[in-house]
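Hi there,

Here is the structure I promised to pass on to you. Could you open it and keep it beside this email while you read?

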Amino acid sequence: MSYTVAVRALCEFTAKQGDLDLRFTPSPSAQEGIAGHAVVGARRGDGYRTEVALSGEWNGVHVRGRADGFDERECLVEEIKTHRGRADAIPDNHRHLHWAQVRVYGHLLCAELGLERIHLALVYYDIGSGVETVLRETRDAAWLQSHFRDLCEHFAAWAASEAAHRTARDAALSALRFPHADFRPGQRQLSENIYRANASGRCLLAQAPTGIGKTVGSLFPVLKALPQQGLDKVFFLAAKTPGRRLALDGAASLCRASSTSGRTIPLRVLELTARDKACEHPDKACHGESCPLAKGFYDRLPQARAAAAEVPVLDREALREVALAHDVCPYYLGSEMARWSDVVVGDYNYYFDGGAMLYALAQNNGWKTSVLVDEAHNLVSRARSMYSAQIDRTALRLARANAPGEIKKALEKVGRAWSAVNKTAPAPYQVLESVPSKLVDALQTAASAVNEHLAAFPGPLDPDLQRFHFDALAFVRLAEAFGPHSLCDLSREGMHDPLRDSVICIRNVVPAPFLGPRFAAAHSATLFSATLGTWHYCCDTLGLPEDTAWVDVASPFKADQLDVHVAHGISTRYQQRAASVAPIAALIARQYREREGNYLAFFSSFDYMDQVATALARLDPSIPLWRQERRMSEAERQGFIDRFAPGGAGIGFAVLGGAFGEGVDLPGNRLIGAFVATLGLPQVNPVNEQLRERMQTLFGAGYDYTYLYPGIQKVVQAAGRVIRTEQDRGVVWLIDDRFGQPGIRSLMPAWWELDARPARPAANPAANKPALSA
């Protein structure tokens, strides 16, 4: 039974030892690493080959990888590593791993070309200075073959168990049965389309209403496709904790589901948790001299890894239990288990952001993956934040205050370059023509100074300096990828000293250029939500392939379950907002008196919400009401939700787009109605107007892409809190005369009947979009 492993994975499994040590950070970004490799390759002469594909096998372990460079004339293979700061500060355990990799490539080249000996080189390329530090050795083929066999032998037992696991997993999944007696209405349609997308290797946009069981309905077909398509991993990505919890529960139910053979499905499911939530010692640094769970981490990892592999669902609690039983860090044990799990559940950032761990692992190991993106209407805004960065002049001043000498000098140079930018942009808000190059150069110099200081003095940085350092690194990385997809702007609003201070931001508008390669790398990706918008909007902004299919899943709900009313005589536009307060309060009171029960009332801002809540309290003090507060803790948010008790009565006031506008499940009479007193349109301000102009230039749909689609998505999500099951009955009031406009109505769910709404237009969001063949 053969098992395939990447050279890097083989060496990381076998050659890492000693302490976990993250002091040699921050490392260059993936883009910087690619650029650094290209620079080194361009410096070599004729006969130098890059990205040399190699493979070899020993005792059932098939090893494959790409050597960074091979010089045929010198018979020299190179392993190139990009870094920042002093090369002699690279920890020994890192260097030990790097040598193991280049020696494996040396063996594979000797075997392929029939060489008796070969020269090996580690090339450390400093991104900041462009300096190469080269370490060389010469090995004969026999020694390299012995080294290769030792690594494979060390890995062989694990490889055999992994191969057996995959065989058993695939056999069981081939016979997997749906975990419930039958599909819910709409759930089968969703599952069939996802299965077809995976069978054809395409991406899919699935607009599916709440209440059909999207989580299990998406996991089940992907797991069925996994053995047929030879998939290695399934990544289930969600924007919020409740979505990830549903995925874990759904996967657990599938693990418990019996196949036709009567055996439990041998599926490994992992939950990835943010480091700040998983850390056991937040007051300590991630290295062996500080944290006891980092001390000897790699020496204890094999036992912890083996124990973790026996737990079917490694959620946050289970992972922590295994990690602490073996005295290793829970967060980094989770990172290790991402290599050996079948289904990985985590936040969007694990696959989509610039340093995404799951994407990097998939690329490095050549995995064939299927990606599921839950509540995908959140991905545009989340991705924009991933590929935006800003630096604050006030933060620079704080960083400089306690900085060591050489760093302080570098930060003063940043300050001078910043002042020059301020002089060219005197307005309170101004879009710059490009990212200021002299400022970027100064930030790079300062970053190098910080890294050199850390290499010489490994202790922790001053918090203000560390914060600005990370902000500067993010800014520099995005400056290198700057293009029409982003804006660079300068703002001074709220500054204590607007003549000196400013905030400079690289603001992503269209994430497509960054996300497109992520979708292209997956075998299939399915994005699903009750409120996706239109096919063009999703594909234009997210960079999905042109052959991405669309399905609008039929709702299991009927129009008579939900009374949808439009308050035609009320305007919530900013200019008429004050005049709307009393009519809205009267409408809420009238509806409550007609049918007492629990309601949610959504508004565009806390101020607007408070005005209407106060007016309602004056109008009818007998109506119980409670309000969302600013910056509520998790316990306070739960307290707000707990007020919606079965059989209860009252009005919960909330802000649209906040914590209670989606991901809240209040079935039955826990919630019988909602009031939405806004179209949800983003605020008209200089930043959004710049986004609108850029969207208009790129796609000819500036207003729709910037304001209308994101706003209506929030409205439909909020209204979707009311009907959660096929037994629910409720009412929704859309409070603004614009809800009566045909263009707005056409964006509402097809099963709604808004008063005497006209016939739905023949056109729909998926018109002329690719569909999956039956």
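This is a predicted model: local features need pLDDT of at least 70, side-chain atom pairs count only at pLDDT 80 or more; totals for chains, interfaces and linings use all residues.

Why look at Glu375 at all? Most residues other than glycine have a negative phi. Glu375 is not glycine, yet its phi is positive, near 45°. Asp327 also has a positive phi without being glycine, with a value near 55°. You will find Asp327 in the loop between helix H10 (316–325) and helix H11 (330–337). Is Asp327 buried, partly exposed or exposed? Its relative accessible area is 42%, so it counts as partly exposed, since that class lies between the 20% and 50% cut-offs.

Now turn to the strands. In a sheet they pair through backbone hydrogen bonds, in either a parallel or an antiparallel way. Here, 8 strands make up an open sheet with parallel pairing, and their order is S10-S9-S11-S8-S12-S17-S7-S18. Which strands sit at the edges? They are strand S10 (313–314) and S18, each of which pairs on one side only.

Strand S9 (residues 269–271) pairs with S10 in the parallel sense over 2 bridges, and Val269 has Val313 of S10 as its bridge partner.

Further in comes strand S8 (residues 233–238), where 6 of its 6 residues are buried. In a regular strand the side chains alternate between the two faces of the sheet. You can follow this along S8: Lys233, Phe235 and Leu237 are on one side, Val234, Phe236 and Ala238 are on the other, and both faces are covered. S8 has these two partners to look at:

- With S12, the pairing is parallel over 5 bridges, and Phe236 has Leu372 as its bridge partner there.
- With strand S11 (residues 343–347), the pairing is again parallel over 5 bridges, and Phe235 stands opposite Val344.

S7 pairs in the parallel sense with strand S17 (residues 524–529) over 4 bridges, where Thr526 is the bridge partner of Leu204. S7 also pairs in the parallel sense with strand S18 (residues 549–552), over 4 bridges; here Val551 is the bridge partner of Ala206.

How do helix H15 (residues 393–401) and helix H16 (residues 405–424) cross? Their axes come within 10 Å and cross at roughly 160°. That makes the two helices roughly antiparallel, because angles over 145 degrees fall in that class. The contact involves Arg393, Leu396, Ala399, Arg400 and Ala401 from H15, while H16 brings residues including Lys408, Leu411, Glu412 and Trp418. H15 passes H16 in a left-handed crossing.

The other crossing is between helix H9 (residues 297–308) and H11, whose axes come within 10 Å and cross at roughly 65°. H9 passes H11 in a right-handed crossing. Phe297, Leu301, Ala304, Arg305 and Ala308 of H9 meet Tyr332, Leu333, Glu336 and Met337 of H11. How many polar residues does this contact have? There are none: the contact is made up of 7 nonpolar and 2 charged residues.

**One last residue**

Finally, look for Gln741, which is in the loop between strand S24 (730–734) and helix H26 (742–745). Gln741 is partly exposed, with a relative accessible area of 39%.

Enjoy exploring, and write back with any questions!

Best wishes

Key:
Residues are numbered from 1 along each chain as its sequence is written. Side-chain values use heavy atoms; hydrogens and water are left out. Buried means under 20% relative accessible area, exposed over 50%, partly exposed in between (1.4 Å probe, protein chains only). Two strands pair if DSSP finds at least two bridges between them. Axes are lines fitted to C-alpha atoms, for helices over the stretch in contact, and angles run from 0 to 180 degrees between N-to-C directions. Angles under 35 degrees count as roughly parallel, over 145 as roughly antiparallel, 65 to 115 as roughly perpendicular and the rest as oblique. A crossing is left-handed if the near helix is turned anticlockwise from the far one by less than a right angle, and right-handed if clockwise. Contact means heavy atoms within 4.5 Å. Ala, Val, Leu, Ile, Met, Phe, Trp, Tyr, Cys and Pro count as nonpolar, Asp, Glu, Lys and Arg as charged, and the others, Gly among them, as polar.
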